[in-house]
Structure formats: structure tokens, C-alpha cells
Amino acid sequence: MTPWVGMVPVDDTALAVTDTGGTGTPVVYLNGQFATQGYWRRTIDDLGPEWRHITYDERARGRKSKTSSDYSFEAAVRDVDAVLAARGVERALVVGWSYGAYVGSHWVSRNPERAIGAVLVDGAQPYDWMDEAMEQRVRKLFRKVALFAPLVRPTGLLPRMNAEQMAESNIELGRLGGEKELSAVLDAITVPVRYVLASGSSLGSRGDEQETIRAGLDPVFERNENIRLFAKVPSNHGAILKKDFRAVSGAVREVAALDPAGH
């Protein structure tokens, strides 16, 4: 399989996809909520060419992926299937950071026969953090973010979504990440999952909020033997793929080594 870069049609949009090709274990990388595939560069370089790396930009993200009428979480999960189908991949190891960790957890929970396993990077932690006050904070935050949109969008680092769409995406994620909702997803996982967790805060959080949310994983580790903490690293949420990419690639190697099929 030779390297490939192109557009994958899905629903009413098309996604910019990069596939390094080769015969190694396919690894599909799931981005942060408004991030791009470029964030994975260091992890990919550290793993090297013996792996088949598949990255893509979600709807309205990056410079090339097209806009859509649907920016829902379910659309994001469907996009994983669309990309894998377009690239002819039957089984894959998924790696997701932040929003991508939630997408990855749902995908492997629903597709155990197609999932080699998952590495979830500082995301998909069950915790009831989305209440009415937090919802208002989120809306206020993205109204501020939207003020800088005309300057930032040409770089591909901000989605072609308005403030309301960005806020709704974040609020939906908060609800899906509730203790009851997400725990049910994680408890159903039957393939190896390794978490790499950051330390400290993230954009929009206050004080020790993020550390409290991360602690929501402790009962999950106790209940499901397939899910383990691989590493708790020093960097914060936003810097983890830049400063602690070696922990992420280490977790990928561990999960792949547990695959009985040896793909």
C-alpha cells in the first residue's frame, strides 16, 4: 500500500485524509475537538515507518475538510468508519486525544471485532461536569473565541463553525461524558485500552477541575481489566502531544503487542 493523501466523501461533506500506507499495524488518529491532524506529527515520527498511520481532519477542521450540516458526536463516530472503509482497513488501533478520546472510546466499545485496541489521551473521563452554570461558561468562552476567528481560521487552527456550533459541540460532549453515560460505554469495552493522562488545567478550566475529572477514571480501572493507566505525564492538556508524545507512542506499542491476531 503506497502513501495516499486525498479527500474522503461522507454524508454531505468530505474529509482531508493522509495515509502513510505500508503493511504495518494500521493506527488511526482522532483529533481534539477543534484540532488538526498535524498535532500527531511527533507521535507518528516516534513510532516510525513500520506502522501504517492514518490521520484526518474532522468536518470543517483544518484547511481542506469541508463544512457540514451535522457536527454532532455521532457524526464524528461515523467518520471513523468512513475513513477506514475508504482506505480499506478492516481492523485498526485508534488513538484519540481530548474529544478524539471520547470518539475512540465509543468506536471501540461498539466495534470490538474491528478494534485492535485504543490509546486515549487525556479525554474520555466519566464525570458530571456539564451543569447549567458550566453551559453558560462554555457559551461565553466560544463567543470570545469567535471574535478572533477571522484572524485564526486561515491557519486551519480554528474550525469553520460559528460560536453557537462550537459551543453546542462542547456542551454535547459534556453531557455524553457524564459519569453514568460514559461509564456504560467504557464498561462495555472488551479490547485493550491504555490511558495517557496529563496534569494540571486546560483551556476554560479553573483550579483543580481537570484533576477532579481525571479521577473519575479510577472506578473504571477497577471495574474493567481491559482498561489501564499507561502513564500520568507532567505536561498539561494542551501540551501533551508536544511534550509527552513518547508516552503516547509507548502506549500504542503496548496495546499492539496485546493483539492476538498480531496485525
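How many cavities of 30 Å³ or more does the structure hold? I found two. I count as a cavity a set of points, on a 1 Å grid over the protein atoms alone, where a 1.4 Å probe fits but cannot get out; lining residues have an atom within 4 Å of a point. A volume is the space filled by probe spheres set on the points, which are joined across faces, edges and corners.

The model is predicted: local features need pLDDT of at least 70, side-chain atom pairs count only at pLDDT 80 or more, and totals for chains, interfaces and linings use all residues. Residues are numbered from 1 along each chain as its sequence is written, and side-chain values use heavy atoms, without hydrogens and water.

Entry: largest cavity. I noted about 80 Å³ of space. Its lining includes L30, N31, Y56, R61 and V103. Helix α3 (residues 99-110) gives the largest share, three residues. Helices here are DSSP runs (H or I, at least four residues) and strands likewise (E, at least two), numbered from the N terminus.

Entry: second largest cavity. I noted about 50 Å³. Among its lining residues are E58, R59, D70, S72 and D79. Helix α2 (residues 73-86) gives the most, three residues.

Entry: S235. I placed S235 in the loop between β8 (227-232) and α10 (240-243). Is S235 buried or exposed? S235 is buried, at 6% relative accessible area (buried is under 20%, exposed over 50%, partly exposed in between, with a 1.4 Å probe and protein chains only). Beyond its neighbours within four places in sequence, S235 contacts A198, S199, I240, K243 and D244 (heavy atoms within 4.5 Å).

Terms used
1 Å grid on protein atoms, 1.4 Å probe; cavity = no way out; pocket = protein on both sides within 12 Å on 5 of 7 lines; lining within 4 Å.
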